[in-house]
Amino acid sequence: MGTKTRYLHLAAATAIALSATPGSPSRSAAIERKSSAAKAASSGHSEGHEAGTVSGTVRVIGAQTAAARINMAADPACLRIHPTPMMSEEVVTEANGALKNVIVYISNGVGNRSFDPPKEPAVFEQKGCSYSPRVLGMQASQSLQIVNLDPTSHNIHPVPQNNREWNIIQPPGSSPIAETFTREEIIPVRCNVHPWMKGYIAVFKHPYFAITKEDGTFDLKDVPPGEYMIQAWHEKYGVLTQKVTLEGNQTKVLEFVFKP
Amino acid sequence: MKRNRMKVDIASILVLLFAAGAQVTPAQESHIGGITGEATRGRHLYRRYCVGCHGPLGDGRGENAPWVDPKPRDFVTGTFKCRSTPSGELPTDEDLFKSVTRGLVNSNMPPWLPLTEQQRADLVAYVKTFSSRFREEKPSAPVEVPSEPAADQQSIQRGSELYQKMNCWSCHGKEGHGDGPSAQTLVDNRGYPIPPFDFSAGTRFKCGESNQDLYRILMTGLDGTPMPSSSSALTPAQTWDLVHYLRALQINAKYSKASSPPRTGGSVALNKQLVRRPEHADLF
């Protein structure tokens, strides 16, 4: 009798161990948590009159290789647009290493506040068998308008991790394609027909992001007082992070320096 | 006294075992014609037949995955090649059922005909538990496939012009041999090289073999691959022209006769058509 009881206890222990085994779809559960957290964002706050600014420059120092020439021989239509070869825009610098096309954004500190997306669409153009802008920032759920200004067909193929992946062909002269992305992410965009075409669409839940200009400068405007993590992302050099504490009506100036 | 304690123990074991089962498989169903698939049943089948390649988490990282090319599908992202729905959308239950039934030609995914329709429906239900998208989104209406016009010389000629204009040749090559100028650069959404279809090879397409299947492939694209959707770029008539031209490129195709009768409705009835030549039959 005593032995039997012991076996039963053993079985009970096994059952407990079994029930403690994590469920199989843990990755999908993680994605779900992420999305439900996004949905749980509370109602918007107005920034009030105390909002400040985070501005600054992004530079790269150290040896940079010269930009590569792009060979467009695969499509005569592209070749005709560029009698002299186009140079790669992966790394575009000015004097002093000022770096263009870096996304600077608040990565942490905005909390759960939700922001209505701007009414006007974010426009992503295919022009001269190249993307314009190469790096586009937009808010989640903002309308994205994709335009083909070229005399040749492009396929627009974003390759996201957390958003829906789609792939659409757009022949010359067609009307703009309207799409959107709902989750925060920096999404590589490719044209498989023209493999040299590379672009990025950065999607944020909030409006506090900027893309650096030719002179490497950026401005994050109307930022309410608070403690934030600010990140600078570049397609080749990766991510830099700085912490900033912003008080009312203040302008903080940051400098990000990539040292590849 | 002791007997009472034993009763309690047995009851608690049953409760715990039940809880363990319920926790592991989230509720999910599939509806294939008149059949309802259950994820709880599908899980056992998945663990037996699918886990080796697709992995216990459904992320396509099973223990065989490193030796498999093309790589097993990652179910977590909810991105599928063979759909009847527009690019970026979830597939319908029937689309998944067809893929399980048909297998994917030129890959390690065999047609799962030895399983009953009920079992395949159960597997579809379980596969849907891996991606939260199946709980959050509904696939939109399938792309309509209008009746096919005559495949005459003019239609083939118009199709040939579209093949040029749409830059199909960039990947598939001037004569459809899969040797276009961009062919060597193509990768799938996980960065693995992927070759464009060679129309001269005489094999079936990944997502079917009939003219209707080809029409659907052009309209929906193959998500997760470089093959885009033409739904916003081509009219139905133009798409048929392109289908006719692509058929003309398939000089070695051995199944053109079988593909001519248009497929009509009937979800489960499609099995007979799908199964004609299981190319991996030797696996069973």
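## Ser182(B)

Ser182(B) is buried, its relative accessible area being 0% (buried means under 20% relative accessible area, with a 1.4 Å probe and protein chains only). In this predicted model, local features need pLDDT of at least 70 and side-chain atom pairs count only at pLDDT 80 or more, while totals for chains, interfaces and linings use all residues. Residues are numbered from 1 along each chain as its sequence is written, chains are lettered from A in the order in which they are written, and side-chain values use heavy atoms, without hydrogens and water.

Ser182(B) lies in the loop between helix 8 (169-172) and helix 9 (211-220) of chain B (helices are DSSP runs of H or I, at least four residues, and strands are runs of E, at least two, numbered from the N terminus). Leaving aside residues up to four places away in sequence, Ser182(B) touches Ala74(A), Asn192(A), Val193(A), Pro195(A), Ser170(B) and Cys171(B), where contact means heavy atoms within 4.5 Å.

## Helix 7 of chain B

The buried residues of helix 7 of chain B are Ser155(B), Gly159(B), Leu162(B) and Tyr163(B). Seen down the helix axis, these buried residues fall within an arc of 105°, so they line one face of the helix (the arc is that of the directions from the helix axis to the C-beta atoms). They pack against helix 8 and helix 10 (236-249) of chain B, and just after helix 7 Asn167(B) takes a positive phi of about 60°.

## Strands 1 and 2 of chain B

Strand 1 (residues 29-32) of chain B has Ser30(B) and Ile32(B) on its covered face, whereas Glu29(B) and His31(B) form the uncovered one. Ser30(B) stands opposite Gly37(B) in strand 2 of chain B.

Technical notes
Buried means under 20% relative accessible area, exposed over 50%, partly exposed in between (1.4 Å probe, protein chains only). Two strands pair if DSSP finds at least two bridges between them.
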